[in-house]
Amino acid sequence: MWFKNVIFYRLQDGFNLPLADLQDKLAEQAFSPCRSQEISRYGWVSPCNELDNELAHNVQGFIMIAARKEEKILPAGVIKEALQERVAKIEQERKVFKKEKDQLKDEIILDLLPRAFSRHQQTFALIAPQQGWIAVDSSSTARAEALLSHLRGSLGSLPVTRLDVQHSPSAVLSDWLSEPTSQPAAFTTLDECELRDSVTEGGVIRIKGQQLEDSEFIAHLEAGKRVVKLALEWDQQLRFLLQDDLAIKRLKLSEQLQEQMATESSDDAIAQYDADMVQMGLEFNRLLPELLAVFGGELQRQ
């Protein structure tokens, strides 16, 4: 159940809501399937399949929540074709203007919705109240913000901000590659990187499976391109692709951590879920301060 992607947010006013109250508030906006004339639904579900009645799962101070989105799939081509047929039929007698076409389109969508297939998407978030952060498992900022917005609606208030740092991550990561001695010992660069030209729009170079110390690669840095994504291994525990907005993608456990966790695995599904959840929370607790420190520390917002 480890997250594959991570976007960290800072809790501005802490998170002191008792677990029972949190459960009740989430239950008020729990997920229910789309009705026949609805195009989408969003709500809370249990983050663990074996705990259907728990919408917030608390283990050793970490809280896991999950939101589900159901969206009806209506191909634009099907709607367009149906609209053209209706308009053509009416225009045999009179002209159809834009306002009426829009109304016809809405009618077609309502007619098609009961027969449409549904697409489901689930998003998880780990809350660390004592450390004051929320980690959302998403590669998309919009998807992460949707979960936080729904949580804000459930709680009434949720002051959170995206983590920010004192020094430009792009500049620091570029320095790590051009001056390897500046790289902290806990972080090891791997063989994947994306460079962007700060002057020429659209000037992007993606490198994978190549030594980043090669002279050809260094020449791009010397020409003014900057790192916007860099594959890293941290503390021989986690591997990931770090973006210049501090978003983490393609998070994977190192072989060392996998072996360690395998020796502690359990046949009980809930016990294993809890162990994975706590291990992930503890690793994030160690990673986040080090990640912020290498970029000059967290930028405090007023």
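Q: Which helix gives the most to the lining of the largest cavity?
A: In this predicted model, helix α8 (residues 269–293) gives the most, with three residues.

Q: Which residues line the largest cavity?
A: The lining consists of F8, R162, L163, D245, L246, A247, L288, L291 and L292. Its volume is about 50 Å³. The structure holds one cavity of 30 Å³ or more.

Q: What makes a space a cavity and not a pocket?
A: A 1.4 Å probe fits in a cavity but cannot get out, whereas a pocket is an open set.

Q: How many residues of each class line the largest cavity?
A: Seven are nonpolar, none polar and two charged. Arg and Asp count as charged, so R162 and D245 belong to that class.

Q: Why are α2 and α3 called oblique to each other?
A: Helix α2 (residues 76–90) and helix α3 (residues 98–112) pack at an angle of about 125°. Roughly perpendicular ends at 115 and roughly antiparallel begins over 145. The pair is therefore oblique. The axes lie 10 Å apart, and the crossing is right-handed.

Q: Which residues of α2 meet α3?
A: V78, I79, A82, L83, R86, V87 and I90 do. Their partners in α3 include L104, I108 and L112. The contact residues divide into ten nonpolar, no polar and six charged.

How values were computed
Residues are numbered from 1 along each chain as its sequence is written. This is a predicted model: local features need pLDDT of at least 70, side-chain atom pairs count only at pLDDT 80 or more; totals for chains, interfaces and linings use all residues. Side-chain values use heavy atoms; hydrogens and water are left out. Axes are lines fitted to C-alpha atoms, for helices over the stretch in contact, and angles run from 0 to 180 degrees between N-to-C directions. Helices (H or I, at least four residues) and strands (E, at least two) are DSSP runs, numbered from the N terminus. Angles under 35 degrees count as roughly parallel, over 145 as roughly antiparallel, 65 to 115 as roughly perpendicular and the rest as oblique. A crossing is left-handed if the near helix is turned anticlockwise from the far one by less than a right angle, and right-handed if clockwise. Contact means heavy atoms within 4.5 Å. On a 1 Å grid over the protein atoms alone, a cavity is a set of points where a 1.4 Å probe fits but cannot get out, and a pocket is an open set with protein on both sides within 12 Å along at least five of seven lines; lining residues have an atom within 4 Å of a point. Grid points are joined across faces, edges and corners, and a volume is the space filled by probe spheres set on the points.
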